[in-house]
Number of protein chains: 2
Amino acid sequence: MAKGRSTIAEIAAEVGVSAPTVSKVLNGRPDVSEATRLRIEAALSAHEYRKPVATRADGARTTGPRLLDVVFHESDNLWALEIISGVERVAGPARIGVVLSELGGSHRPTQEWIDDVMARRPLGVLLVLSDLDPTQRHQLSSRSIPFVVLDTQGKPPTDVPTVGSNNWNGGLVATQHLLDLGHTRIAVVMGPADVLCSRARVDGFRSAHDSAGVPWHPAMVRWGGFDAASGYQHALDLLSRPDRPTAIFAGSDYIAFGIARAARECGLRIPDDLSLVGYDNLPITEWLNPPLTTVNQPLREMGGLAARMLIASADGQPPTSMRMDLMTELVIRESTAAPATI
Amino acid sequence: MAKGRSTIAEIAAEVGVSAPTVSKVLNGRPDVSEATRLRIEAALSAHEYRKPVATRADGARTTGPRLLDVVFHESDNLWALEIISGVERVAGPARIGVVLSELGGSHRPTQEWIDDVMARRPLGVLLVLSDLDPTQRHQLSSRSIPFVVLDTQGKPPTDVPTVGSNNWNGGLVATQHLLDLGHTRIAVVMGPADVLCSRARVDGFRSAHDSAGVPWHPAMVRWGGFDAASGYQHALDLLSRPDRPTAIFAGSDYIAFGIARAARECGLRIPDDLSLVGYDNLPITEWLNPPLTTVNQPLREMGGLAARMLIASADGQPPTSMRMDLMTELVIRESTAAPATI
């Protein structure tokens, strides 16, 4: 049998089961024994089976509800809400239901979740800060369920369509702004060091220093979580040093919230005693006291673009590009100023 | 035919169509003419038809993906995210997909949306700050799709199960706290006057004054949107008055964000020159500068309770009560203090 062109009947004959049993496995039905299911999955995988997509002349699937699955590793922050809004704005008018799942902090979905997705047969799956293992990827491919990774985090294989943003540029423009104001002791409080978007932002921070001929100090580069508590802890330490920084670049707006609280507890005013730049440009940042200078990450646009890619893919159109990065830019508000000592 | 006990065959005979045509309408299939569909809907409604729910011994539906529909009038604020999190925490472990829809600011779903819901046959529908008209309600009932209104806003009919919170108590405890601190010129900046939760919170504000024997002034009671911009505009006006308030109770945390910005622009410090109480206790409020005293509205618990009610209802269990109100309580942080003049 030629790869990718096998039929259900051929797969069934090879495994020694009936064609309806193969169909049941393809449709995520529970009434097949685990041993049989595994043998069928193995044959599907070996033959790179692709389920034909039943479409009308206008490209829409003929049966079942039109759904898009969106998966977050965790969804309880504002960042996730921006992406959901972006997906909704594309899916809503197209009358496509958006199914939301949360992995409770894990970056890889469980097999149960994959089974449920196969059972509900969405038009596509959007993975946010999460990824599939090769077996899971094949399971979706064999059901002709396209997926896109919305990534600011890892580096997915090059054959998975990905939407991201230019993290290195974000780190660069944030730091250049602080250097232009005259700061020379600038700290960066970033997310996890093992996450690519963190590294790209810190590399932008370093490059801005190098271009300006200003040395940066390893003690001023901090890694942690993307949450407020992490920003708070690092800032308490940084701001109690004799050579405390006059400006901090935060790897997320949440980190910036924590830094602002630490500054206040240390009796330092923003921006008079400490300049602060965030990252993400969450809508709430313009209402903070003071309004936060931050790097705009176009999260809604990223969610919308990923949704459009999935809908196009379900209609049989291959992606224009496997990796699309949207632009980041600095939004200057009132949390940054020249250092007091100049 | 007895009401509520008619069969599809009986409905079909009465309308003069085939039984499969009635089934198509019940299942939201598009291939029935509009005129026929309306005649069938009318007959279903007249006979109070209820579609039997196919269940396994364990109560789970036997066919199709297990979904819960959650509908927001608009979902792009933190408040919505808390409710979604609450629903996810119940639905996720039960392997139920959560389908999110946004009505773009409208408080009533379109017929298209109802058609899509009938086509995807969820276990139930949770309406957040939105409601159905009687026809739409019947359309869901006739498909045995239960619905719950998560309400802090209107007053749904008493035969619709509703989850809310004690808004009057929220207004009372917020205002009592300010009176206890010694404030006697307290303003309230609330959401829309035509929304019941707004009225209940303002009534709590008035009752606290009455109990303490402190008069409240009509000019100090302001109505508007639940957003930051509304809080900002009202506060600019209130704080420029010769008899400016020494404390403000905000009808939402977003309103409080706007008031804080206005205070800052007027050169007033919080809490030294102005005490401020918010409403909702969004997670971000503890990171504000200063951390916000606010009324905790248990949004996650409300979302989770509504989800559990829907799942129970899909399993054939009638609701324990048609209206469940969860408790509100004051969370005291650093944005409130005694007035400077005392």
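1. In what order do the 6 strands of the open sheet in chain A run? The order is E7-E6-E8-E9-E10-E12, and the pairing is mixed. Keep in mind that this is a predicted model.

2. The edges of that sheet are strand E7 (221-223) and strand E12 (329-331) of chain A. Each of them pairs on one side only. Neighbouring strands are turned by 20° against each other on average, direction ignored.

3. Look next at strand E8 (residues 247-250) and strand E9 (residues 275-280) of chain A. They pair in the parallel sense over 3 bridges. Ala247(A) has Ser275(A) in E9(A) as its bridge partner.

4. Helix H10 (residues 253-265) of chain A packs on this sheet. It touches strand E6 (186-190), E8, E9 and strand E10 (293-296) of chain A. Its direction makes about 155° with that of E9(A).

5. A second open sheet has 12 strands, with mixed pairing. Its order is E11(A)-E5(A)-E4(A)-E3(A)-E1(A)-E2(A)-E2(B)-E1(B)-E3(B)-E4(B)-E5(B)-E11(B). Strand E11 (323-326) of chain A and strand E11 (323-326) of chain B each have a single partner strand, so one side of each is left without a neighbour in the sheet. Here too, neighbouring strands are turned by 20° on average, direction ignored.

6. Within chain B, strand E1 (residues 67-72) and strand E3 (residues 124-128) pair in the parallel sense over 5 bridges. Leu68(B) stands opposite Gly124(B) in E3(B).

7. Helix H5 (residues 111-120) of chain A packs on the 12-strand sheet. It touches strands of both chains, including E1 of chain A and E1 of chain B. Its direction makes about 165° with that of E1(A).

Note on methods:
Residues numbered from 1 in each chain as written. Chains lettered and ligands numbered in written order. Predicted model: local features only at pLDDT ≥ 70, side-chain atom pairs only at ≥ 80, totals over all residues. Heavy atoms only, no water. Pairing = 2+ DSSP bridges. Helix = DSSP H or I, 4+ residues; strand = E, 2+ residues; numbered from the N terminus. Axes fitted to C-alpha atoms, helices over the stretch in contact; angles between N-to-C directions. Contact = heavy atoms within 4.5 Å.
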